[in-house]
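Subject: The structure I promised you

Hi,

Here is the structure we talked about, handed over to you. Open it up next to this email, and I'll go through what turned up.

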Amino acid sequence: MQPSADFDPARLARSLLRRSRQGALATLMAGNGDPYCSLVNVASSPDGSPVLLISRLALHTKNLLADARVSLMLDERAAGDPLEGSRIMLTGRAEPAGDEDLAILRRRYLNAHPSAEAFVNFKDFSFFRIRPKAAHLVAGFGRIVDLTPAQFLTEIADAAALLEAEPRAIDHMNADHRDAVNLYATRLLGAEPADWRCTGCDPDGLDMRAGATTLRLDFPHRVVTPAALRQVLKELADQARTAASPSATASE
C-alpha cells in the first residue's frame, strides 16, 4: 500500500518515538523461544531510540538477556477506536546501557518518568537501549510504510555540544521561560493550557510534558550547538507570541 501524498512517515515515526511513554515489548522466551509480550515504560535516547528501565527479576529481562532480539509497539493512544490512531512497531536488539551512555539515558528516562526515582537505584534494575533494525508504521488507510533506522533516528554525531548543554538548557527553560514553553504548547501545537515543562531536546526538536500528556515541537532546521538552540527557541517563542490562540480563532 502506498502512502498518500501529504504523508510524512519519517516525521510521524520520530514524533511517536519521542512522545511515547508506554509500549508493548515482545521478547522470546528463554529456553523454548515462544513469544512473550509485556507492557513497559519507555523514554527516548538523544537519537530517538527507545530506552527501558527494567528489573532483571522480570521475565522479559531474562528473555532478552538470553536473546537480545525484541520488537516494541508504540501507539498514540487515540481516543475512541485505538486502531484509528497511529502506531509504530520496531524490531531490533535490546542492549544494556554502557558506562559512557548511562548518565544521559538515566537523566532522559527520569525526565520522562519522574516516579522512577523511587526505584532507579535498586540493584536489580538496569537501563537498556533498543537498537532498531527496522520499523513498520501504520497511520491509517493509505498510510502504511516500512522504514529504516536512517529514516527515523536523529543524527547526533555532530551534536556533542548540544547534548552536553541539554540539561542546563532544559532547567533554564523550565525555571525562567515557562511562559514561552506554554506558548509553544498552546499556540504552536494547539494544546490546552496546562503546566507544560520541557523534558528533553535534540537536534530535531523539543520534548514537552504536562501530566500524562506529551508533545513534540519540531525545529524548523537542525540545531547542533547551544547558541543555535537559544536562537531557534527565541524565534519559536516570537512566532508563538504573534500566533492567534486556537480558542480565539475558533470563536471568530
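The accessible surface of the chain comes to about 12,600 Å² (Shrake-Rupley method, 1.4 Å probe), and carbon and sulfur atoms hold 54% of that. Before you read on: this is a predicted model, where local features need pLDDT of at least 70, side-chain atom pairs count only at pLDDT 80 or more, and totals for chains, interfaces and linings use all residues. Residues are numbered from 1 along each chain as its sequence is written, and side-chain values use heavy atoms, with hydrogens and water left out.

Now the overall build. You'll find 8 helices and 11 strands; these are DSSP runs numbered from the N terminus, with helices being H or I of at least four residues and strands E of at least two.

How much of the chain is buried? Buried residues make up 46% of the 252, where buried means under 20% relative accessible area (1.4 Å probe, protein chains only). As for contacts (heavy atoms within 4.5 Å), take those with a separation of 6 or more: 62% of them join residues 24 or more positions apart.

Next, the cysteines. A disulfide is a covalent bond between the sulfur atoms of two cysteines. Here a pair counts if the sulfurs are within 2.5 Å, and the count comes to 0.

Finally, have a look at L206, which sits in strand β10 (residues 205-210). L206 counts as buried because its relative accessibility is 1%. Beyond its neighbours within four places in sequence, L206 touches several residues, including both C198 and C201, along with I170, Y184 and L233. V70, on the other hand, is 136 residues from L206 along the chain, and their C-alpha atoms are 28 Å apart.

How values were computed. Buried < 20%, exposed > 50% of the residue type's maximum accessible area, 1.4 Å probe, protein only.
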